[in-house]
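Please keep the structure in view while reading.

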Amino acid sequence: MLLSEQAYKKIDREIAKFPADQRQSAVMAALAIAQSELGWLPPEVMQELADYIGMPAIAVQEVATFYNMYNTKPVGKHKVTVCTNLPCALSGGVAAAEYLKKKLGIDYKETTADGQFTLQEGECMGACGDAPVLMVNNKRMCSHMSNDKLDALVEELKK
């Protein structure tokens, strides 16, 4: 088994929420649990989840590659996703992303040499009025990200 016993207990709780013939409905939660434990979703983990849930491996891969919250390649310790959808782009999202690219010395879908940061472009995060916005590791939303706030965030995450 590629995941811990604890991870499988969490997946079992998610599977239990659905009728027995709809176990595949827990695939998104199972992927999130696996990613939380490993940091990303290697092909062999997706295969193991498919076998465990009882669905085709290609279906698990389709879900994992459709949503940008899943990492199908290794990422840095801190995955920073900047919203560049039109409302955010017009309210500083693109400028914030460009500032981070320069500050971190990387482009979208790249990771810093020290493995600390991966930068991604994201779609709407539902906080257009707070633009520019970004997400850190799919869990923490940061709003009104001026250059000063970006500097402070990067310093905080480096610690």
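What volume does the largest cavity have? The largest cavity has a volume of about 40 Å³. The structure shown here is a predicted model, and every value in this report is computed from it.

## The cavity

The structure holds one cavity of 30 Å³ or more. Its lining consists of Val80, Leu100, Leu104, Phe117, Leu134, Leu150, Leu153, Val154 and Leu157. Two elements each give two or more residues to this lining, namely α6 (93-104) and α7 (147-158). Of the elements, α7 gives the most, with four residues.

Which classes of residue line the largest cavity? The lining divides into nine nonpolar residues, no polar residues and no charged residues.

## The largest pocket

About 420 Å³ of space lies in the largest pocket. The elements that give two or more residues to the lining of this pocket are α4 (57-66), β2 (110-111) and β3 (117-122). The greatest contribution is that of β3, which gives four residues.

In total, 19 residues line the largest pocket. Those nearest its centre are Asn68, Tyr70, Thr72, Lys109 and Gln120. By class, the lining has six nonpolar, eight polar and five charged residues. The lining of the largest cavity, by comparison, has no polar and no charged residues.

## The second largest pocket

The second largest pocket holds about 280 Å³ of space. It is lined by 14 residues, and the closest to its centre are Gln35, Ser36, Asn137, Asn138 and Lys139. Helix α2 (residues 27-38) gives the most to this lining, with three residues.

Which domains supply the lining of the second largest pocket with at least three residues each? They are domain 1 (5-66) and domain 2 (78-158). Sorted by class, the lining of this pocket has four nonpolar, seven polar and three charged residues.

## The sheet

Five strands form an open sheet, and their order is β2-β3-β1-β4-β5. The pairing in this sheet is mixed. At the edges are β2 and β5 (140-142), each of which pairs on one side only.

How do β2 and β3 run, parallel or antiparallel? These two strands run antiparallel and are joined by two bridges. In one example of a bridge, Glu110 has Leu119 in β3 as its partner.

## Aromatic side chains

A search of the whole structure finds three aromatic pairs. One of them is formed by Phe66 and Tyr67, with 4.8 Å from centre to centre and 85° between the planes. This pair is classed as edge-to-face because its planes are 85° apart, and the cut-off for that class is over 60 degrees.

Phe66 and Tyr67 also belong to one aromatic cluster with Tyr70.

Is Phe66 buried or exposed? Phe66 counts as exposed because its relative accessibility is 65%, and the cut-off for that class is over 50%. Tyr67 has a relative accessible area of 35% and is therefore partly exposed.

Note on methods:
Residues numbered from 1 in each chain as written. Predicted model: local features only at pLDDT ≥ 70, side-chain atom pairs only at ≥ 80, totals over all residues. Heavy atoms only, no water. 1 Å grid on protein atoms, 1.4 Å probe; cavity = no way out; pocket = protein on both sides within 12 Å on 5 of 7 lines; lining within 4 Å. Points joined across faces, edges and corners; volume = space filled by probe spheres on them. Nonpolar A, V, L, I, M, F, W, Y, C, P; charged D, E, K, R; others polar. Domains from an automatic or database assignment. Phe/Tyr/Trp six-rings, centres within 6.5 Å; stacked < 30°, edge-to-face > 60°. Buried < 20%, exposed > 50% of the residue type's maximum accessible area, 1.4 Å probe, protein only. Pairing = 2+ DSSP bridges.
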